[in-house]
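Keep the 3D view open as you read.

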Amino acid sequence: MPSEAAAGAPDHDGSALDQIGAIQHETLGERVTGELRALLVAGRLAPGEKLSLRRVAEALGVSMMPVREAVSRLAADRALEVLPGRAVRVPVLTLAQFRELTRLRLVVEGFAAEEAARKATPRDIARVATFDAAFRKAASADPPDSAGAVATNRDLHFALYEAAGMPGLIEMIERLWLKAGPILNIDMRDEPRRLKGGSAMQAHSRLLEALRRQDPAAARAALEDDISAAAAHIEETGQLSA
């Protein structure tokens with residue numbers, strides 16, 4: 001006869017299996033979320049672009065469930081929006097929303113540039129310089145490699161912010177770039193002529209020099225000029241909604 005302890009004991013095998021299944025599901029959902037976040041932050045999805053959940057699932061080799069979970073998370077962050085009929089698209093910012101986003105970026109990313117100038121190691125500066133060279137190569141190609149410029153611009157900025165050594169700050173900036181990344185398509189992809197010797201290239205050069213001199217004020221000024229010039233051009237295109 002089984003003892004009372006055995007009879008009253010919980011089903012450990014079943015509980016363990018349930019827990020393992022939950023971990024696997026959560027990890028898969030996080031993976032899909034991470035992939036979509038990366039596309040948004042890198043500017044590889046444009047404002048107004050619609051996403052096929054089935055295509056996302058097929059591309060990542062997953063079922064629809066983790067894709068829907070990822071979309072729900074990103075919709076909660078307002079990085080994606082679910083339209084009537086469950087269509088999903090990248091939001092189109094209004095002029096007011098874009099201006100608010102730009103002001104927030106100037107404050108938060110400007111602070112990160114200052115901290116990076118104070119703390120950057122030679123290795124950090126070398127990373128920023130590597131991405132600066134890659135950006136220049138993409139921008140100077142004939143015709144300009146606008147997709148490459150968008151990607152390396154993102155890499156350069158985040159190499160700079162990571163040099164500040166503040167993981168919480170990186171999380172804040174990533175949330176801003178979830179919304180800013182797609183709109184940067186307008187600045188770099190739609191107007192590739194602006195890349196050759198343009199404001200971004202000049203600002204990056206000044207930023208790199210400020211890091212080498214450990215000059216926080218100059219680093220912030222270069223970063224702010226970079227963001228402001230791109231924002232001004234985006235507004236001039238008239239592609240923001242009223």
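Is Glu-115 buried or exposed? In this predicted model, Glu-115 counts as buried, because its relative accessibility is 12% and the cut-off for buried is under 20%.

Glu-115 has a partner: it forms a salt bridge with Lys-119, and their closest N and O atoms are 3.3 Å apart. Both residues sit in helix α5 (residues 95–119), 4 residues apart, which is about one turn of the helix. Lys-119 is partly exposed, with a relative accessible area of 41%.

Now find Asp-132 and Arg-136, another salt bridge, with the closest N and O atoms 3.2 Å apart. These two are also 4 residues apart, about one helical turn, in helix α6 (residues 122–140). Asp-132 counts as buried at 7% relative accessibility, while Arg-136 is partly exposed at 28%.

## A pair between two helices

Asp-225 and Arg-206 meet in a salt bridge too, at 2.9 Å from N to O. This one links distant parts of the chain: Asp-225 is in helix α10 and Arg-206 in helix α9, 19 residues apart.

## How those helices pack

Helix α9 (residues 199–213) and helix α10 (residues 216–237) pack at about 165°, with their axes 8 Å apart. That angle is over 145°, so α9 runs roughly antiparallel to α10. The crossing is left-handed. The residues in this contact divide into 9 nonpolar, 2 polar and 4 charged.

## The whole picture

How many salt bridges does a search of the whole structure find? It finds 17.

Technical notes. Residues numbered from 1 in each chain as written. Predicted model: local features only at pLDDT ≥ 70, side-chain atom pairs only at ≥ 80, totals over all residues. Heavy atoms only, no water. Axes fitted to C-alpha atoms, helices over the stretch in contact; angles between N-to-C directions. Parallel < 35°, antiparallel > 145°, perpendicular 65-115°, else oblique. Left-handed = near helix turned anticlockwise from the far one by under 90°. Nonpolar A, V, L, I, M, F, W, Y, C, P; charged D, E, K, R; others polar. Salt bridge = Lys/Arg side-chain N within 4 Å of Asp/Glu carboxyl O. Buried < 20%, exposed > 50% of the residue type's maximum accessible area, 1.4 Å probe, protein only.
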